[in-house]
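Subject: Handover of a structure and notes on it

Dear colleague,

I am handing over the structure we talked about, together with my notes on it. Please look through the model itself before reading the notes that follow.

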Amino acid sequence: MHDKYKILIGIICVILFVVGTCYYVDASRAENTISIGVLHTDHDAPVEIAKAQGLYEAQGLKVDIRQFNNGGDLLTAMAGGDIDIGYLGFTPVLATYAKGAPVKIISGVQNGGSALVVRSNENINSVQDLKGKTVATIGETSIQYILLTKLLKENGMSINDVQHVAMKSSTMTGALGANQLDAMFVPEPYASVAVAGGVGKVLVSSEEIMPNHPCCVIATYDGFIKKHPKELKKILAIHNQSAEFINKNPGKAVKILPRDMVIDENVQKNTLSELNFISGLSPEYKQSIIDFANLEVQLGFLNKTVDSSELFYDI
């Protein structure tokens, strides 16, 4: 595809984002409902905990929680006016923001929490052994894909040396067990579930590739921030409350998560214990996002550095 057509498509996407989201704010308020997009992994557990404990209702909020395969799909829905707030990896937010869309990061959610898992019955013991193998992530704008690219580059390879496929996280373990995949770079709990089930082994964790890297964030857009600051403050206060609950009570949290999210209670308790859920936007957290954005520039995922004064919004 020629560069001029790529630019045109990008401009069209931004226009759709601005027009679509501005329209939907009014429509969603008419229904008195806040739509929250999630990826249905451990990383967005605070939303599910808050819903299960009735925290939204206690604050007079009606929420509609919707699942997406990846952050790119979630942001597309936000651009189309279907989602007000999203729990998702920050890298698709950066990609959307870089195109000029009015999207903002309003809070961190957690750090780390992903791993590159290879088939237990395949002789893959090093990064070099991945050459020619089929490796899945949730998409090319995902944190996992970018960290995979970084890992391959550091080992004298490129993403073109593997056969990359995009899949939904919850389907990867089955595909790995059925020998349809050789490896998967996946968020928790799916990495630990594959190991516990004997179908996979961890080759490298995301923290080993980039220690304490940021991962999921809460994102929204200018229209929602400007028109509904009170509701947004309540959402963030609820997130803080549910994040603290999980950090202190991972075992209790597993018991009240949706059953379709809990594949193995013991595994899930361990993964929640290891994930440090956070809230707000500390200066250190903002800098970690900017540092990762600079890495994306080096790897060719972003064309320029990010203006932090426009990317973040402190409530």
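Predicted model: local features only at pLDDT ≥ 70, side-chain atom pairs only at ≥ 80, totals over all residues.

Residues are numbered from 1 along each chain as its sequence is written, and side-chain values use heavy atoms, with hydrogens and water left out.

**The chain as a whole**

The secondary structure of the protein chain comes to 15 helices and 10 strands, where helices (H or I, at least four residues) and strands (E, at least two) are DSSP runs numbered from the N terminus. Its radius of gyration is 19 Å, close to the 20 Å that the globule rule gives for 315 residues, so the chain is as compact as a globular protein of that length; the radius is taken over C-alpha atoms, and the rule is 2.2 Å times the number of residues to the power 0.38. Along the principal axes, the C-alpha atoms fill a box of roughly 55 × 50 × 35 Å.

Of the 315 residues, 54% are buried, which here means under 20% relative accessible area, with exposed meaning over 50% and partly exposed in between (1.4 Å probe, protein chains only). The chain exposes about 13,700 Å², and carbon and sulfur atoms supply 50% of that area; accessible areas come from the Shrake-Rupley method with a 1.4 Å probe, and for residues only the protein chains shown count as cover. Among contacts (heavy atoms within 4.5 Å) between residues at least 6 apart in sequence, 79% join residues at least 24 apart.

**The sheet and its helices**

An open sheet of 5 strands runs in the order β7-β6-β8-β5-β9, with mixed pairing; two strands pair if DSSP finds at least two bridges between them. The edges are taken by β7 (163–166) and β9 (200–205), each of which has a single partner strand, so one side of each is left without a neighbour in the sheet. Neighbouring strands of this sheet are turned by 30° against each other on average, direction ignored; axes are lines fitted to C-alpha atoms, for helices over the stretch in contact, and angles run from 0 to 180 degrees between N-to-C directions.

Strand β8 (residues 183–187) pairs with β6 (residues 134–137) in the parallel sense over 2 bridges, and with β5 in the antiparallel sense over 5 bridges. Because 5 of the 5 residues of β8 are buried, the strand is largely enclosed by the rest of the structure. Both of its faces are covered, with A183, F185 and P187 buried on one side and M184 and V186 buried on the other.

Helix α7 (residues 169–177) lies across β5, β6, β8 and β9, and runs at about 150° to β8.

**Individual residues**

I138 sits in the loop between β6 and α6 and, at 8% relative accessibility, counts as buried. Leaving aside neighbours within four places in sequence, I138 is in contact with L39, N69, N70, Q144, A166, M167, S169 and M172.

T271 is placed in helix α13 (residues 265–274) and, at 3% relative accessibility, counts as buried. A polar atom of the T271 side chain lies 2.9 Å from the backbone oxygen of Q268.

Two asparagines have a positive phi: about 65° for N179 and about 55° for N212. N179 is found in the loop between α7 and β8 and is partly exposed, with a relative accessible area of 44%, whereas N212 lies in the loop between α9 (206–209) and β10 (216–221). As background, most residues other than glycine have a negative phi, and most peptide bonds are trans.

With best regards

How values were computed: Polar contact = N/O pair within 3.5 Å; in protein donor to acceptor, adjacent residues only side chain to side chain.
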